[in-house]
Amino acid sequence: MLIDAALLADARQRIEAARHILVLTGAGISAESGVPTFRDALTGLWARFDPEELATEEAFRRQPQLVWDWYEHRRELVAAVQPNPGHVAVARLAALRQVTLVTQNVDGLHQRAGSSDVIELHGNLFANKWLDGCGRCEAAPDDGGRPPRCVHCGALMRPGVVWFGEELPRVARYRAEHAAEQCDLCLVVGTSGMVYPAAALPGVARDNGAGVIVINPQPSALDATADLVLQAPAGQCLPMLLPVGAASA
Ligand code: BV8
């Protein structure tokens, strides 16, 4: 995909001049790794479900095995893919500028690309926790249950992600909002901007005087907040935004 040279130059200049960059990513940054984005995560077998239906505590209580299997399917898919040049470019940028990386993704690919201190607003696919646990929950080592159950109280193990209707992790949310207030540039990569409160962050950055750059091959709800919209895939575009020499270092 051809990217407008003038827009690229403008974005590069803004990154060069930035003191503190907030990078907010969504499912689109993992698309080039082969991870379906959230709204098309339900391909094939899962096509008949609405993700906003499955990603809820209510759905899990109603059909624990179905929801558990959906997350197991996504874990297997993510475990089998690699970070792409977009994830790597974000990690490299953090070596050149003060970067606060906030992701809505639960796939852990930023960490695997070398980013440290990833603020995961919506939790992580590979973490589990207990639903209504007894406080000392443990699953039998050979518990092949789907989902596993606590041997003491029978509580169900659940994915360690934030479901719709659940509060975001307090510290993660505070750190993300503080970075939005403090940054002087906000890079918004691969998100439809539909899910709150994450989608409010670029507006907070803008209200506090930061520039906003959106990178997305499609129009998004955050384009109106942006000073600059680069309609391009993240894996292709992000490496081109790094200060010369950094992309290959
Ligand atoms: C909460 C984990 C409050 C699970 C997810 C206002 C304020 C507060 C809340 C709300 C509000 N309005 C509505 C709400 C409720 C709700 C919400 O936002 N609903 C939406 C649908 C309207 N929010 C919540 O429930 C949040 N909780 O606020 O609690 C509260 C208060 C009191 C008491 C209790 C609670 C919790 C939201 C978290 C939900 N969990 N994930 C799981 O993954 O299974 S969100 C889920 O969707 C994903 O994590 C993802 O982050 C998120 C958003 O999707 P995107 O990342 O944007 O992905 P999407 O597919 O939409 O778009 C991908 C984009 O990539 C596209 O634009 C595409 O063009 C682009 N793309 C494609 N290829 C590329 C690309 N871009 C670049 N390069 C490419 N190659």
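Guide: Here are your questions about this structure, each answered from its values.

Guide: A word on the ground rules: this is a predicted model, where local features need pLDDT of at least 70 and side-chain atom pairs count only at pLDDT 80 or more, while totals for chains, interfaces and linings use all residues. Residues are numbered from 1 along each chain as its sequence is written, and side-chain values use heavy atoms, with hydrogens and water left out.

Visitor: How do you know how many disulfides there are?

Guide: A disulfide is a pair of cysteine sulfur atoms within 2.5 Å, and a search of the whole structure finds 0. Take Cys137: its sulfur is 3.5 Å from the closest cysteine sulfur, in Cys150, so that is too far for a bond. For Cys186 the closest cysteine sulfur is in Cys183, 5.5 Å away, and therefore also too far for a bond.

Visitor: What makes Cys137 and Cys186 buried or exposed?

Guide: Buried means under 20% relative accessible area, exposed over 50%, and partly exposed in between (1.4 Å probe, protein chains only). Cys137 has 18%, so Cys137 is buried. Cys186 is at 0% and therefore counts as buried too.

Visitor: Why are β2 and β1 called paired strands?

Guide: Strands are DSSP runs of E with at least two residues, helices are runs of H or I with at least four, and both are numbered from the N terminus. Two strands pair if DSSP finds at least two bridges between them. Strand β1 (residues 20-25) and β2 have 6 bridges, in the parallel sense; Leu22, for one, has Thr100 in β2 as its bridge partner. Between β2 and β3 (residues 119-120) there are 2 bridges, again parallel.

Visitor: What makes β3 and β8 edge strands?

Guide: The open sheet has 6 strands in the order β3-β2-β1-β6-β7-β8. β3 and β8 each pair on one side only, and that puts them at the edges. Further in, β6 and β7 run parallel, joined by 5 bridges, with Leu187 opposite Ile213 in β7.

Visitor: How do you know that the buried residues of α9 line one face?

Guide: In helix α9 (residues 234-241), Ala234, Gly235, Cys237, Leu238 and Leu241 are buried. Seen down the axis, they fall within an arc of 165°, so they line one face of the helix. That arc is taken from the directions from the helix axis to the C-beta atoms. These buried residues pack against α1 (5-17), α5 (85-93), β6 (185-189), β7 (211-215) and β8 (228-230).

Visitor: Which residues touch the most other members of the largest nonpolar core?

Guide: A nonpolar core is a set of buried Ala, Val, Leu, Ile, Met, Phe, Trp, Tyr and Cys residues joined through side-chain atoms within 4.5 Å. Of the 27 residues in the largest one, Ile21, Val23, Leu187, Leu238 and Leu241 touch the most other members. Its largest share, 4 residues, comes from α9.

Visitor: What does Pro202 touch, beyond residues up to four places away in sequence?

Guide: Contact means heavy atoms within 4.5 Å. Pro202, which sits in helix α8 (residues 201-207), touches Leu24, Cys186, Val188, Val212, Leu222 and Thr225. Its relative accessible area is 0%, so Pro202 is buried.
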